[in-house]
Amino acid sequence: MNKTALLLLTITLLFIGLVGCGNTGNEVKQAGQIELDANNIVSINLIEKKQPMATISDPSSFERFVQAITTAEYDRGQLDIASSDYSTTVNMKDGISYEFSFWIGGSNSGLLIKSGQMGHYRLSDTSKKDLLDLFQSTFKDKISSEDTTNPQPPSVQVTVGGERFEAIQGSYCWNDNGKGVCVDMASYDELVSKQKVHPKAISGDRVELEFSYAPKEIEVMASFPREERPDEALSVDKNSFQLAAGRGRHLYFIHARWPQGSASYVFEVECSVSKK
């Protein structure tokens, strides 16, 4: 065999050896334990059958989650069973996310799949129990929080006369997350007594309204206490309107509508007809 042929044979064998080593490395990595750092987790989105998504955001819960899944044993076999009991999306600080599916309810023996990876993982009885407790308590806390919080319409900030303040919320009907409520408030005179800022402005000045959640419709009425003057409907353009004419104490009533319901608000302005 000449030197050229011998050199080619050597290179070929070396290449085959490198490819073989690379494949072996991939197989070892594929079959290894799940690697996940609890300190780099931002949140875990949790989904259960027929339940709205819940979010795990407590660092101690991240530790429990990571401890359970990183001790699971890899099995290259493919699962052919019903849909998972739970699924999670683990959001990391670097913007990467990992998806896992879990079979840990009822008589399931405790299995998980990492999305995009062949095979599955077997959870120990302790890890299965801890994950099931973590997931169930997360949904229980979410439901409990929703039950104790009545749905509320958005707030509205008012800017007029160089002042910015929150309008006082009046009566409303609101339906959110399947829970509805209607609330009747006290008289508007009583409501404006809660107003912390008392702006002074000139008739005709612009008023800007800023809702925490933009309404579909807005109506504004001006009222003039202690004056024999009827209430006046004001034109609203892009969440802005002009103060009514005339001096004195003006009350402004806002009525706004959203797909979830409607709400009323009130605020008071002391108006003058000149800058003096």
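Which residue in S13 does Gln 157 stand opposite? In this predicted model, Gln 157 stands opposite Glu 210 in S13. The protein chain averages a pLDDT (the predictor's confidence in each residue, from 0 to 100) of 84, and 84% of the residues score at least 70. Over residues 14-30 the pLDDT is below 50, and this stretch has four contacts (heavy atoms within 4.5 Å) beyond near neighbours in sequence. Where pLDDT is low, the predicted coordinates should not be read in detail.

Basis of the values

- Residues are numbered from 1 along each chain as its sequence is written, and side-chain values use heavy atoms, with hydrogens and water left out.
- Local features need pLDDT of at least 70 and side-chain atom pairs count only at pLDDT 80 or more, whereas totals for chains, interfaces and linings use all residues.

Strand S8 and its sheet

- Helices (H or I, at least four residues) and strands (E, at least two) are DSSP runs, numbered from the N terminus; two strands pair if DSSP finds at least two bridges between them.
- Four of the five residues of strand S8 (residues 156-160) are buried, where buried means under 20% relative accessible area, exposed over 50%, and partly exposed in between (1.4 Å probe, protein chains only).
- S8 is joined to strand S13 (residues 206-211) by four bridges, and the two run antiparallel.
- Four bridges also pair S8 with strand S9 (residues 163-166) in the antiparallel sense; here Gln 157 stands opposite Glu 166, and Val 158 has Phe 165 as its bridge partner.
- Two residues lie between S8 and S9 in their hairpin, and Gly 161 in the turn has a positive phi of about 60 degrees.
- The four strands form an open sheet in the order S9-S8-S13-S16, with antiparallel pairing.
- S9 and strand S16 (240-242) are at the edges with a single partner strand each, so one side of each is left without a neighbour in the sheet.

Salt bridges

- Eight salt bridges are counted, each being a side-chain nitrogen of Lys or Arg within 4 Å of a carboxyl oxygen of Asp or Glu.
- Asp 130 forms one of them with Arg 64, the closest N and O atoms being 2.8 Å apart.
- Because Asp 130 lies in helix H3 (residues 125-147) and Arg 64 in helix H2 (residues 59-70), this pair ties together parts that are 66 residues apart in sequence.
- Asp 130 is partly exposed at 26% relative accessible area, as is Arg 64 at 27%.
- Arg 249 and Glu 268 meet in a salt bridge (2.0 Å, N to O), and both residues are buried.
- Salt bridges that share partners join Arg 64, Asp 130 and Asp 133 into one network.
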